[in-house]
Amino acid sequence: MNKTGSVDKEEGSMSKRVRARFTLLLGASLAAVIGLVVSGGALGSSAQSCGTVTLNEQAWAGSTANTYVVKYVLESKLGCSVKITKVTEIPVFQAMADGKVDAVLEDWNHVAQYKQFVAKQKSVVLVRANGLVGHIGWFIPKYLLKQYPQFKTWRGLKGKESVFKTAESGSQGMFLGGDPSYVQKDKELIELLGLDFKHVTVGAEPAEVARFTQQIKQKKPVIFYWWTPQYLNQQLNLAEVKLPARIKGCQDDASAGGDIKKYKCAYAADPLNKLFSKKFIQSGSPAVKVLRNFKWSNADQNLVAKWIAGDKVKPEKAAEKWVKANAAKVNAWLK
Amino acid sequence: MSVAAAGIETAAPVLSHRPWWRGKIVQTAGIVALMYLAYRAWALEYPWPARLTWSALPAHFDDFQTWLLDQRNAEDPSFVFAIFDAFATFVDNLVAWFDELLLWLTWVGTTAAGTVVALRFGGWRAAAWVIAAFAAFAVMGLWEESMQTIALMLAAVGLSLLVGIPLGIVAGLSDRFLRTITPVLDVMQIVPAFAYLMPVVILFSVGPGAAVVSTMIYAIPPAVRITALGIRRVPANTVEAATSMGSTRGQLLGKVQLPLSRRMILLGVNQTILFALSMVVIAGLIGGGGLGDVVTSGLYSNPALAILAGVAIVILAMALDRSTEAIADRTDPTRRHLTDAGRRRLRLTTIALAVVVSGVVVLAKVFGAAAIYPETATAQEWLLERTQAWLDYVTDPANFVFNITEPIGTFILVDIFQPLQQFLIEAPWFTTVLGLTAIAFVVSGLRPALTTLAMVLSIGVMGMWEPAMDTFSQVLVATALTVLIGVALGVWAAESKTVSRVLRPVNDVLQTMPQLIYIIPFIYLMPVSIVPGIVASVLYAFPVVVRLVERGVRDVAPETVEAASAFGATRRQVLMKVKLPLASDAIMLGVNQGIIMVLAVVVIGGLVGSGGLGYLVAQGLVRGEFGLGVVASLAILALGIALDRVTQATRRDQRGAVA
């Protein structure tokens with residue numbers, strides 16, 4: 001599979017047009033330099049049996065962890081050259097449809113996009129389970145449980161909402177809501193469970209982290225929308241509050257609207273998905289098989305993410321460290 | 001004379017011929033009082049009626065997006081998409097080519113080439129800035145990402161100018177064209193980028209091409225506006241003289257109007273660059289790469305690295321700003337006349353410098369300099385450690401800083417913001433509509449009042465009443481703070497050279513540093529919703545007010561000031577009674593621009609807990625709720641248009657009064 005060859009040819013003819021414009025713009029002072037460029041013809045190509053694989057990394061640390069681990073495996077074991085893009089969650093579907101991104105390793109069930117790109121257009125292939133189980137819930141710091149053991153479940157919160165009172169929430173307790181981009185139904189849950197919480201939107205994930213770490217650092221009570229896998233859960237010692245059990249037809253995404261009753265249950269524990277570009281599968285690259293086999297646990301991902309985001313180890317180094325320590329798991333992907 | 005008396009007399013010239021109860025401030029206060037009474041009487045009883053809401057609107061936009069996606073990804077797509085595709089591929093390759101050029105030159109050669117270009121066209125100061133910028137990229141270990149961003153900016157700015165300057169020239173020559181294009185430019189600047197990222201991706205896929213297109217949408221307007229302004233500022237008598245000597249229209253444009261507006265056009269280039277740079281992070285979301293990506297992922301897993309990348313963006317912006325400004329100054333034909341000998345000398349210098357650059361590149365190649373500044377020689381680790389330590393110190397809640405900032409934040413939220421927000425959201429919708437229209441009428445006349453009425457009603461019809469009122473209350477608080485800080489600092493800077501010199505880099509940092517970088521650490525200091533968002537918009541908007549006010553006060557004719565001093569006015573009297581009234585035009589322009597800038601960061605507010613329209617727009621992109629995002633963006637636009645027209649008309653009004 002030599003993808004790079006054809007790209008080179010295209011770039012060659014393109015650069016002539018571009019060159020003319022550039023000369024025009026910058027004038028004669030750079031002409032000498034440009035001449036050098038032309039004579040250099042400096043477009044290196046590195047043809048390898050595996051070719052180039054493009055993985056997309058999302059902003060959160062867990063995504064950095066799985067992307068760099070797979071990158072390290074593909075590069076060191078298969079001799080691929082791996083390119084990492086950082087396109088955000090929804091646009092990346094179009095990127096895969098166009099073959100600009102080959103694979104996404106951790107997708108949090110974007111149902112509407114699955115309908116459009118996977119089911120209807122068939123330009124993106126849903127490969128499913130990467131071994132991670134994504135689960136959203138209500139979280140509190142563990143130290144709260146010492147004083148209020150009843151906070152293990154939502155029933156214990158009833159009547160005790162004022163523990164979470166802040167200047168901002170007045171007489172009610174304050175509930176920190178999630179990132180606008182994540183699935184949520186907390187306003188509905190608060191209403192359905194008859195809890196006296198004021199739902200406060202705190203913005204994107206890093207902003208939410210800022211809000212609750214500041215409370216936790218002061219050992220103050222705080223309750224918030226959060227999820228696993230997340231490396232901070234261990235570092236900050238978080239505990240989950242049990243919500244009512246799942247019911248039949250239970251829904252998580254309140255933006256879908258409809259009968260509010262169907263939201264009265266805990267969030268699901270969903271396996272997270274891998275997605276491949278159809279063009280990537282058709283390419284027959286040996287990387288396809290390895291990516292299909294790729295699978296690891298929440299604990300694995302949290303560990304590597306903690307090295308990267310908590311201990312500030314470079315992602316490449318963290319990936320290498322994990323792969324070397326987990327030869328058995330990695331070998332299973334290579335089979 | 002007492003200060004208070006001076007204050008009253010300043011206001012006197014405009015108002016003296018009216019009885020006190022016809023004063024704008026008094027009337028506005030009266031209307032607000034009536035609105036408040038209505039709120040006390042019927043709070044929460046009359047929310048925007050569902051009957052008047054076009055609730056299917058977001059679904060229509062969603063359907064449009066699905067249709068577009070189907071068309072785009074069909075087996076046999078229409079040729080229209082081939083055009084978009086071709087453009088995207090062209091830009092992808094252009095950016096890739098620039099990037100490869102920068103890498104091929106090696107880090108030594110790139111630095112030499114950049115410096116020499118700055119030296120030849122901008123002089124020593126510009127060259128020093130460029131060297132400093134490259135040194136910073138090297139030391140921070142962000143060389144590769146910086147080169148990617150520079151390549152992206154070269155393409156984005158180049159294409160923006162290619163479109164913007166010709167449009168600007170036409171807008172400078174034709175009043176009708178200017179009137180037609182102004183609302184389009186307003187839309188391009190006010191509608192948040194988050195709303196059009198998805199359509200851009202559908203048409204241009206992801207990658208540098210899409211990133212450049214979304215950057216262009218934001219960066220073209222200043223190029224058009226400032227070019228048009230430049231052409232219009234060419235003195236009428238010069239144009240007449242040229243016409244009377246028999247110049248054709250082409251000659252007039254090419255030999256008189258363009259050369260004389262050259263300085264302005266170059267300043268337009270400068271603004272285009274700064275606007276383009278402010279899109280780096282957003283462009284990163286759709287494959288722009290470079291420093292924008294480092295910022296985004298840094299915010300999640302390495303805040304210190306995000307700060308470093310932000311500093312790199314700021315330094316890049318300042319270097320480009322200072323060198324384009326120097327170039328604009330040096331090429332101003334009214335300042336510098338070139339003799340033939342001078343021209344020849346310049347040409348020789350150019351050739352000599354080009355030879356020097358080629359020499360450096362060749363030497364660098366011979367000695368095997370790397371494409372990227374070697375990672376082992378950077379101070380990145382050390383810088384990251386220091387920055388992180390500093391961050392940890394500042395954000396520590398046990399620290400004294402927190403004990404000051406947290407109560408302030410809570411005070412702003414509970415005592416200023418929440419009452420206002422409650423008032424606007426819970427008051428009966430019809431009294432709010434009538435009240436806002438009446439205020440617009442009192443403040444600036446019939447037409448702006450009609451615009452306000454139309455905009456406020458359309459916000460309601462789009463089903464955005466509550467979030468829009470939420471955002472409106474934030475915009476009011478933020479604008480008040482912005483104007484307060486901006487006018488005070490602007491006047492101070494106009495009076496004192498030292499203050500002006502200190503403020504300039506501060507303004508530059510605040511305008512070009514991606515807001516999330518400093519606002520997320522700021523949340524640790526003021527962990528209260530909405531306040532970080534308001535602070536972000538104030539910090540982003542007040543520099544513009546400072547600049548406009550400073551220039552306005554400074555530009556007051558020196559003869560007037562001298563005359564006042566000759567009559568024995570103290571410095572304070574000169575400022576209060578002469579300079580400020582005469583600069584009121586510039587001050588109102590500052591208020592107007594301040595509001596637009598506040599609106600420009602509404603989405604950032606949504607990302608740090610402000611709720612309202614900004615949150616919905618952010619949700620629109622990242623949750624794939626395209627229709628919702630578009631409708632929320634339209635509501636922001638409606639707010640922007642109403643506020644802009646009201647404040648602009650005030651300016652015109654005052655100009656009339658002064659004349």
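With 27 C-beta neighbours inside 10 Å, B:I530 counts as buried; the term applies to a residue with 20 or more other C-beta atoms within 10 Å of its own, against 12 or fewer for exposed and anything in between for partly exposed, with C-beta atoms placed from the backbone. B:I530 is found in the loop between helix 24 (515-525) and helix 25 (531-554) of chain B. Its phi is near 75°, a positive value in a residue other than glycine. Helices here are DSSP runs of H or I with at least four residues, and strands are runs of E with at least two, both numbered from the N terminus.

This is a predicted model, in which local features need pLDDT of at least 70 and side-chain atom pairs count only at pLDDT 80 or more, while totals for chains, interfaces and linings use all residues. Residues are numbered from 1 along each chain as its sequence is written, and chains are lettered from A and ligands numbered from 1 in the order in which they are written.

B:S205 is also not a glycine and has a positive phi, of about 60°. It lies in the loop between helix 9 and helix 10 of chain B. B:S205 is buried, with 25 other C-beta atoms within 10 Å.

Two packed helices are described by the angle between their axes and the distance between the axes. For helix 9 (residues 193-204) and helix 10 (residues 208-233) of chain B, the axes come within 9 Å and cross at roughly 140°; axes are lines fitted to C-alpha atoms, for helices over the stretch in contact, and angles run from 0 to 180 degrees between N-to-C directions. Helix 9 and helix 10 of chain B are therefore oblique to each other, since angles under 35 degrees count as roughly parallel, over 145 as roughly antiparallel, 65 to 115 as roughly perpendicular and the rest as oblique. On the helix 9 side, the residues that meet helix 10 of chain B include B:Y196, B:L197 and B:F204; contact requires C-beta atoms, placed from the backbone, within 7 Å. The residues of this contact divide into ten nonpolar, two polar and no charged. Ala, Val, Leu, Ile, Met, Phe, Trp, Tyr, Cys and Pro count as nonpolar, Asp, Glu, Lys and Arg as charged, and the others, Gly among them, as polar.

In chain A, helix 13 and helix 14 (residues 315-325) pack at an angle of about 150°, with their axes 9 Å apart. That makes helix 13 of chain A roughly antiparallel to helix 14 of chain A. The contact is made by A:V304, A:W307 and A:I308 of helix 13 and A:P315, A:A318, A:A319, A:K321 and A:W322 of helix 14. By class, it has seven nonpolar, no polar and one charged residues.

Chain A also holds a cis peptide bond, between A:T228 and A:P229, with omega about 0°. A:P229 sits in the loop between strand 7 (223-228) and helix 10 (232-235) of chain A.

The contact between the chains takes 57 residues from chain A and 63 residues from chain B. Among the elements giving two or more residues to the chain A side are helix 1 (3-26), helix 9 (205-217) and helix 13 (298-310) of chain A. The largest share of that side, seven residues, comes from helix 9 of chain A.

Definitions and conventions
Contact = placed C-beta atoms within 7 Å.
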